[in-house]
Amino acid sequence: MKLRKKLVIVGCLLIISIIIHLYSRSKMRVETGYSTHFFSQFSRFLRSFFGFFPFSIGDLVYGFLFLWLIWRMIKFIRNFKSYRPGISRRNFYTNFLLNFVTFWSCMYIIFNIFWGINYNRKGIAWQLDLEMQEYSRDDLKNINSILVEKINTSKLQWVESNNKYPTNKELYSMVNKSYQKISKQYPFLEYQPSSIKTSMWGWLGNYTGFTGYYNPFTAEAQLNTSVPEFLHPFITCHEVAHQIGYAKEMEANFVGYLAASNSDYPLFHYSVYLEMFIYANRNLYFTDSLTAKKYRKELNAFVLSDFKEWSKFEKDHRSFVEPVISWVYGKFLQGNEQPAGVLSYDKVTAFIIAYYKKFGSI
């Protein structure tokens, strides 16, 4: 009877999973139904509830989940050794398989209902009516040239202001104000209420390659504050983009760009243009390495100093774990409408070029 009950539960979970998959096949249906209406309201509720806490509830959930999985693994090994070959061992395998399918089906359903269906929406390019086309090498050269000028100008503005880097609380407030400003131009980018947290696992992120992340179960945006401070504004704007429903990494990059580049803070301008240059210059390097290097040499001394700091940070925290995590994460992205895997972040270059061609500036 217990086995039959488990089979019924597994069957129901699989049916729900199939329904979610079929629903997600229509990008327009997801955009006008799930993303615009259900998720918009549901995310506000989660941010309002979990944003009340001054620490990351999502990080605690991940910590407990990690410990629970270790406990279940130890229990599995112990039980495996105690079962003898025959019917007893077959029952053990059957129960393990059903428990495994039940757990991952529940995770799939919760993840998608809470946020994951957004991977299948029409997205920001459709909302802005951008003409997304294959860009040329000349397009890449032009955008690299513009970004170099933007970076040098914004860095000098920041240096001449003699301002100190903002505290975490000040930074999060500046991000909120930046989104409030851009939402006046694009109401669908409204970000209220706020729920930005400092990650408890920043030390771990340093060795696994994560500078920030979004927790889909609590709708909290997490910032790894131990990375170089000039990166913080764009990373936070990127994670907020995930919070308001832009799941794909290139889209979150672009929405983060819109918020940061239109803000009132030179530090935000520098942070976002620096990040956009990294992607655009890397794309140019693949087709014209000499020209890509030429643009890097045009960066002023202050910017080059930041690059050295960034490079030293990555070198000091290099580990054997990061390539493994990167590979796993890449497979996850490929399974969620991003065939380029971790290189999906670089695809923001196409958005920047399309935006420039339509509006004449970046």
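Reader: What makes the crossing of α6 and α11 left-handed?

Author: In this predicted model, α6 passes α11 in a left-handed crossing. The term applies because the near helix is turned anticlockwise from the far one by less than a right angle.

Reader: What makes α11 "mostly covered"?

Author: Good one to ask! Buried means under 20% relative accessible area, and 17 of the 22 residues of α11 are buried.

Reader: How do you know that the reach of α11 is close to the expected one?

Author: From its first C-alpha to its last, α11 reaches 31 Å, and 32 Å is expected at 1.5 Å a residue. Helix α1 (residues 2-23) also has 22 residues, and its reach of 32 Å is close to the 32 Å expected.

Reader: Which residues of α1 are buried, and how do you know that they are on the same side?

Author: They are V10, L13, S17 and I20. These residues cover an arc of only 80° around the axis, which puts them on the same side of α1. An α-helix has 3.6 residues a turn, so residues three or four places apart point the same way.

Reader: And which residues are exposed on the other side of α1?

Author: There you will find R4, K5, I15, I18 and I19. Exposed means over 50% relative accessible area.

How values were computed: Residues are numbered from 1 along each chain as its sequence is written. This is a predicted model: local features need pLDDT of at least 70, side-chain atom pairs count only at pLDDT 80 or more; totals for chains, interfaces and linings use all residues. Side-chain values use heavy atoms; hydrogens and water are left out. Helices (H or I, at least four residues) and strands (E, at least two) are DSSP runs, numbered from the N terminus. The expected span of a helix is 1.5 Å times one less than its number of residues. Buried means under 20% relative accessible area, exposed over 50%, partly exposed in between (1.4 Å probe, protein chains only). The arc is that of the directions from the helix axis to the C-beta atoms.
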